[in-house]
Amino acid sequence: MRLVLDGVRVELGGRDVVSDADLTAETGEFVGLVGPNGCGKSTLLRAVYRALRPAAGLISLDGEDLSRLPSREAARRTAVLAQEGPAEFDFTVGEVVAMGRTPHKGPLDRDTVQDHRICEAALDRVGMGGSAPRPVGTLSGGERQRVLIARALAQQSRLLLLDEPTNHLDVRYQLEILHLVRDLGLTTVAALHDLNHAAAFCDRIYVMAAGRLVAGGAPADVLTEDRIAQVFGVRAQRLVAPGGGRVHLAFERLDQEVPACG
């Protein structure tokens with residue numbers, strides 16, 4: 001599924017939080033959205049999964065205007081991993097994953113044999129097979145994220161939106177989750193804090209500052225030392241693997257302020 005944002009503007013409280021956002025995620029791409037806290041990353045994702053209505057611009061999925069799709073159809077096409085909320089802790093793993101089948105069912109429909117098979121396959125795919133009876137509150141952070149990804153897989157959507165999927169996870173689980181997401185082969189847009197994770201796992205990166213997307217492209221092209229200094233206010237040393245390989249960044253504090261990207 002191909003996602004395109006064209007001139008998207010989002011208002012909150014009478015002011016622009018996101019302005020003139022242009023973004024493309026091609027079918028099967030893992031696209032990272034990076035930027036400092038409060039720059040508008042989560043707001044932009046919320047507009048894509050229709051929690052917010054853009055004040056201007058167009059969001060399209062495979063050429064269709066997202067705002068014109070019925071809610072159920074939009075939910076079938078787009079799966080969301082929002083920042084963690086406590087409500088899911090009262091459910092079992094199986095119940096959480098089964099929530100992914102909701103867009104495919106009527107209000108009074110019961111789970112079918114096919115629903116159960118889809119949910120079991122989703123748990124197997126994320127390495128959580130046999131965990132359906134476990135209470136979510138007993139899982140580790142990495143296990144919970146795997147369960148939420150399984151819910152997205154059970155939804156059978158082709159677009160996956162992730163808002164800080166590695167937040168509050170230790171390094172091992174951060175890497176496991178990002179490897180898992182990349183290997184799913186879905187069109188994926190993820191808001192990420194860690195620039196090295198974005199460089200290592202994403203096919204394309206968009207940099208956001210003060211509500212605007214100020215750069216987009218391959219990680220090696222986008223994550224320049226000057227841009228990192230301007231957007232994040234830190235000095236970065238770039239280490240690039242030979243042959244146009246992945247970028248790795250080492251950071252230190254800047255001795256003086258630099259002009260912010262507008």
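This is a predicted model: local features need pLDDT of at least 70, side-chain atom pairs count only at pLDDT 80 or more; totals for chains, interfaces and linings use all residues.
Local features need pLDDT of at least 70, side-chain atom pairs count only at pLDDT 80 or more, and totals for chains, interfaces and linings use all residues. Residues are numbered from 1 along each chain as its sequence is written, and side-chain values use heavy atoms, without hydrogens and water.

**Cores.** A nonpolar core joins buried Ala, Val, Leu, Ile, Met, Phe, Trp, Tyr and Cys residues through side-chain atoms within 4.5 Å. Buried means under 20% relative accessible area (1.4 Å probe, protein chains only).

| Core | Residues in it | Some members |
|---|---|---|
| Largest nonpolar core | 50 residues | V97, I149, L160 and I205 have the most contacts inside it |

Helices here are DSSP runs (H or I) of at least four residues; strands (E) have at least two. Beyond its neighbours within four places in sequence, V97 is in contact (heavy atoms within 4.5 Å) with residues including C119, L123 and V147.

**Sheet.** Strands β2-β1-β4-β5 form, in that order, an open antiparallel sheet. Two strands pair if DSSP finds at least two bridges between them. At the edges, β2 (15-25) and β5 (64-65) each pair on one side only. Strand β1 (residues 3-12) joins β2 over seven antiparallel bridges. V4 has T24 in β2 as its bridge partner.
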